[in-house]
Amino acid sequence: MREFDYVRATDTARASVEGQGAETRFIAGGTNLLDLMKLEVMAPSKLVDISRLPLDRIEEADGGLRIGATVTNSDLAADPRIRASYPVLSRALLAGASGQLRNKATTGGNLLQRTRCPYFYDTDTPCNKRSPGEGCAAMGGETRNHAVLGTSETCIALHPSDMAVAMRALDAKVEVQGAGGETNSFAMEEFYLLPSDTPHIETILESGDLITGVHLPAPRGDRQVYRKVRDRASYAFALVSTAAVVKMEDGRIADAAVAFGGLGTMPWRDPEVDAALTGEAPSRALFDKAADLLLREAEVTDGTAFKLPLARRVLRAVLEEATA
Amino acid sequence: MSYELKVDDKETTDRAAGLSQGLLGTAADRPEGVLKVTGRATYAAEDMPEGTAFGVLVRAPAMGRVELGNAPAVEKLPGVLAVIHDKRMLRNPAQGMAGEAPVQGVAEADYVGQPIALVVAGSFEQARHAAEVMEVRCLGEIRPVSPGAVEPEVPEKKQSSMGDLDAAMAAAVHKVDATYSTSAMSSAAMEPHAALAWWEGDKLTVRASLQMLKYNRAELADSVGIPLENVRILSPYVGGGFGSKLGVSPEVVAAAIAAQQLGRPVRVVLNRRQVFETITRRSETEQHIRLAADGEGRLTGVGHDALVSNLPEEPFSEPVTQATPFNYEGAARTIGHRVARIHRPAAGSVRAPGEAVGVTAFEIAMDELAVAAGIDPVELRLRNIPAEVPGTGKPFSSHMLAESLNDGAARFGWADRAAEPRARREGEWWIGSGVASAFRVNMLSEAEARVVLGPEGAIVETDMTDIGTGTYAILGQIAGELLGLPQEKVEVRLGDTAFPPGSGSGGSIGAASTGTAVWLAAQEVRAALAKEMGCEPDDLTLKDGRATCGNISRDIAELISGESLEGHGHVQPGDASSKVKQATFGAHFAEVAVNDVTGEVRVRRMLGSFAAGRILNLKTARSQCHGGMTWGIGMALTEELVHDRRDGHMVNRDLAEYHVAVNADVPPLEVHFLEERDPWTGPMQVKGIGELGICGAAAAILNAIHHASGVRLRDLPATPDKVLAGLEELG
């Protein structure tokens with residue numbers, strides 16, 4: 001770990017000012033950042049601690065809920081309003097990490113957690129995400145935990161979040177306070193960036209930008225399912241996960257929002273998959289068509305090839321459950 | 001004086017049965033348990049002397065001649081005291097019971113991840129940063145890292161053959177001919193390897209986390225280049241070993257060298273990644289198994305050929321086939337052992353080296369034979385239990401495999417099991433059950449101990465370690481039983497090479513070996529008490545602090561009139577093992593659920609029935625079996641060290657990515673012990689129990705996966721991708 005300056009933010013508006021600078025990072029739970037700093041994968045020169053800012057509340061807003069950035073994963077999962085109206089989020093949260101980690105990890109921090117690509121964590125191997133232009137050790141290496149969607153020539157690192165997958169299916173918007181004090185709101189597909197040839201740039205956040213919260217609109221569907229497949233029963237990242245928010249009318253799918261973890265370089269959702277399901281009567285053929293659409297541009301390695309049949313089966317089972 | 005025993009012959013009298021205190025076989029608590037759970041038991045890295053400096057090992061990022069480009073600059077970093085690049089540093093840990101230095105040197109990196117320097121600083125954080133910014137170059141070609149890339153060694157002494165296996169296979173009514181593979185695995189002990197070293201003149205003292213101190217002392221002395229008597233090692237508490245702490249390891253020697261050079265105490269703690277890549281792993285194995293059977297499922301031929309790997313110059317190779325010479329009937333028998341010399345991190349002993357993986361593969365093959373022959377898998381095993389070691393005429397010292405299988409089957413409810421696979425479904429889940437036998441060779445090792453009886457109670461001293469197994473408890477029980485003292489009146493002092501050398505912890509030898517040394521030492525004290533009482537030792541009854549002989553009864557403290565009596569015990573293995581085959585036996589039963597959508601497997605319940613001679617402490621013995629069975633779940637379903645195919649380095653070297661079984665993976669585990677006395681193991685008639693629980697446990701799970709889902713996996717672990725591929729094949 002390199003030496004760094006530490007500032008405890010006491011005022012949300014000022015935090016963005018204190019947070020300016022290319023080498024400055026905000027810290028809340030620190031469950032990922034501290035590990036990365038110890039390994040010197042990340043080496044910020046300044047940390048701005050936002051854990052004491054009044055961002056730890058869940059409030060009703062605009063027909064939905066506004067979740068403060070420092071609400072912990074445990075508190076969010078246990079919130080009665082989340083459990084009642086957004087159970088997919090509660091389940092996704094509880095499927096992630098371990099009890100100890102969820103007690104520390106925050107909503108904003110979870111959105112920004114870094115990939116678990118082992119080569120990203122290994123400063124003795126090249127990584128375009130860690131050191132732009134250095135090359136990618138994962139390609140040609142051990143890639144069982146890598147992405148098959150949204151990959152690029154420079155990076156196949158997977159986004160590891162469970163929470164963000166559910167949020168994507170729930171049309172969540174990320175609220176960001178800029179360095180000038182203005183607040184903007186971004187849909188998840190705007191917030192996250194594909195690796196392209198700049199895999200080190202993962203979101204639209206710029207210097208001083210502070211996530212202050214996440215807004216969940218009123219749920220579009222009452223049938224919500226989160227299913228995660230992993231190598232052990234707890235404390236393992238997803239091989240494949242699927243979040244579905246579905247509304248049924250007269251035996252047809254009136255509305256569908258399906259998002260995926262374990263597949264993409266960002267929490268994945270494909271509008272064509274949703275569109276193909278909407279208005280249709282549930283059937284195995286329909287679900288298989290949705291899977292075809294989802295995976296039409298998938299790029300696999302010998303390590304990730306298994307994810308395609310697995311994703312297909314999980315999607316089918318999740319949709320069967322959500323539409324039954 | 002000393003009571004000496006060489007175990008050459010059987011001892012049929014159950015001498016412990018004649019004792020009165022009633023401590024043996026109880027579920028006594030660990031005397032140090034409260035200290036451990038309240039954080040007051042100090043482990044190797046704690047208790048730092050004033051002025052301790054902190055060392056962090058630097059790894060080789062590649063292979064070949066090592067250059068430390070910026071060492072002078074690193075030495076000028078804030079707080080840095082030294083960059084140590086000393087030819088005495090270890091390439092990898094010593095193998096178990098080596099008693100001499102392993103391969104040393106830092107000029108050349110033989111594998112990626114090898115420690116090649118130590119950075120020492122005034123604070124841990126400064127040392128860690130300095131180690132990270134060290135520019136290490138390794139100027140060499142990448143050498144072979146995959147077992148398939150080299151022509152393996154075929155050590156002559158490890159091949160054996162009797163009868164004509166090919167003919168037996170040709171004539172067989174039912175047969176199995178298949179190849180099985182198990183992954184490289186890590187012990188992943190909770191306490192990372194750590195050392196705290198300081199010198200007083202030419203005397204070196206090291207607090208370390210090690211399992212076998214008398215060997216470790218010799219290994220450390222040889223590594224550093226000083227006389228044995230100048231080395232003292234302290235390991236009073238060890239947070240798990242599982243074989244990974246059998247031999248002295250790089251951090252111990254590095255701390256000793258640094259403390260010598262700097263003239264102050266130095267602490268070196270491995271971080272979790274270093275534990276994975278610096279400490280010995282269990283080799284991956286590839287096992288070709290052939291079984292030939294007649295129409296009734298009786299084995300006529302057995303073939304077991306294993307390919308394992310290790311670094312060049314390492315004497316250890318996973319003894320995969322260790323149980324195969326005696327496990328079942330089969331007149332024709334061919335056993336092969338090949339070692340691929342490759343440049344992955346060193347392989348060494350990990351809990352039940354050999355049987356853990358060898359019995360597992362063999363027991364899957366037995367299940368395949370049962371299916372092929374249409375015979376119940378328990379019945380198939382019962383039909384093949386040998387009366388003596390096949391082809392040798394050598395009897396077993398004791399053998400309760402049949403009883404274990406029958407007892408386990410009855411308790412598990414095996415009779416209700418459907419004969420055919422894919423017979424039971426609950427929603428998405430296929431439910432099934434499987435069985436496997438457990439075998440583990442039993443060994444005795446030389447051990448010494450001292451027992452001192454004083455007015456306040458007794459003190460037991462030996463350099464034996466307690467690596468979480470319950471040694472403190474059982475040695476106190478043994479001494480208390482013989483001296484007629486409640487356990488709290490016996491203080492057990494372990495883990496100090498200033499004490500008489502015990503056996504060390506490893507290979508399940510501790511209870512029988514060091515336990516017998518304590519037994520002998522306490523017998524010497526008993527004899528002295530008998531003399532005071534004026535009677536023969538056999539006529540003496542000691543209970544609750546009182547000595548009774550005929551109609552005379554006296555308080556022991558009063559009897560010794562404020563003095564203390566000392567006994568010394570020394571046990572050595574004799575030629576018992578040339579007369580009889582000693583092993584422990586058991587049976588594993590598992591019920592699993594296999595998800596038809598995802599290929600996920602959940603173990604729903606597991607039961608083990610074990611026979612290991614006299615059980616000294618029901619609680620700690622059961623915990624050992626719980627641990628072994630939990631390891632079996634990991635081996636079956638989740639544990640796999642992944643080596644990068646290009647340079648062999650460990651890719652998943654932390655506890656987030658190397659998947660040991662977590663609580664949610666472990667269902668209720670039931671453990672039963674069969675009453676057994678083994679007359680060939682010394683006066684207590686005990687055998688080792690620390691490793692039996694893992695041997696075959698994974699096979700019961702893999703066999704249950706087949707019974708549940710119809711998917712036969714021969715490549716462990718059974719991760720969802722592999723199970724799913726099997727499900728897709730079945731359609």
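Visitor: How many residues has helix α12 of chain A, and how far does it reach from its first C-alpha to its last?
Guide: This is a predicted model, in which local features need pLDDT of at least 70 and side-chain atom pairs count only at pLDDT 80 or more, while totals for chains, interfaces and linings use all residues. Residues are numbered from 1 along each chain as its sequence is written, with chains lettered from A and ligands numbered from 1 in the order in which they are written. Helix α12(A), residues 307-323, has 17 residues and reaches 23 Å, close to the 24 Å expected at 1.5 Å a residue. That expected span is 1.5 Å times one less than the number of residues. Helices (H or I, at least four residues) and strands (E, at least two) are DSSP runs, numbered from the N terminus.

Visitor: Which residues of α12(A) are buried?
Guide: Among them are Leu310(A), Val314(A), Leu315(A), Val318(A) and Leu319(A). A residue is buried if 20 or more other C-beta atoms lie within 10 Å of its own, exposed if 12 or fewer, and partly exposed in between; C-beta atoms are placed from the backbone.

Visitor: What do they pack against?
Guide: The buried residues of α12(A) pack against β9, β10, β11 and α11 of chain A, together with α17 (720-730) of chain B.

Visitor: Chain B, then. How many of its residues are in contact with chain A?
Guide: 27 residues of chain B are in contact with 22 residues of chain A, contact being C-beta atoms, placed from the backbone, within 7 Å. On the side of chain B, the elements giving two or more residues are α3 (124-133) and α17. The residues of that side divide into nine nonpolar, six polar and twelve charged. Here Ala, Val, Leu, Ile, Met, Phe, Trp, Tyr, Cys and Pro count as nonpolar, Asp, Glu, Lys and Arg as charged, and the others, Gly among them, as polar.

Visitor: Now the sheet with β14(B) in it. What is the strand order?
Guide: The order is β8-β16-β15-β14-β9 (chain B), an open sheet of five strands with mixed pairing. Two strands pair if DSSP finds at least two bridges between them.

Visitor: Which strands stand at the edges?
Guide: β8(B) and β9(B) do; each has a single partner strand, so one side of each is left without a neighbour in the sheet. The twist averages 10° from one strand to the next.

Visitor: And how do β14(B) and β15(B) pair?
Guide: They pair in the antiparallel sense over eight bridges, and His288(B) has Asp305(B) in β15(B) as its bridge partner. Helix α8(B), residues 355-373, packs on the sheet, touching β9, β14 and β15 of chain B, and its direction makes about 150° with that of β9(B). Axes are lines fitted to C-alpha atoms, for helices over the stretch in contact, and angles run from 0 to 180 degrees between N-to-C directions.

Visitor: Is β4(B) mostly buried or exposed?
Guide: Five of the five residues of β4(B), 80-84, are buried, so this strand is largely enclosed by the rest of the structure. β4(B) pairs with β6(B) in the antiparallel sense over four bridges, and Val83(B) stands opposite Val119(B).

Visitor: Lastly, where is Pro236(B)?
Guide: Pro236(B) is in the loop between β12 and α6 of chain B. Pro236(B) counts as partly exposed because it has 19 C-beta neighbours inside 10 Å. Not counting residues up to four places away in sequence, Pro236(B) touches Leu494(B) and Gly495(B).

Key:
Two residues are in contact if their C-beta atoms, placed from the backbone, lie within 7 Å.
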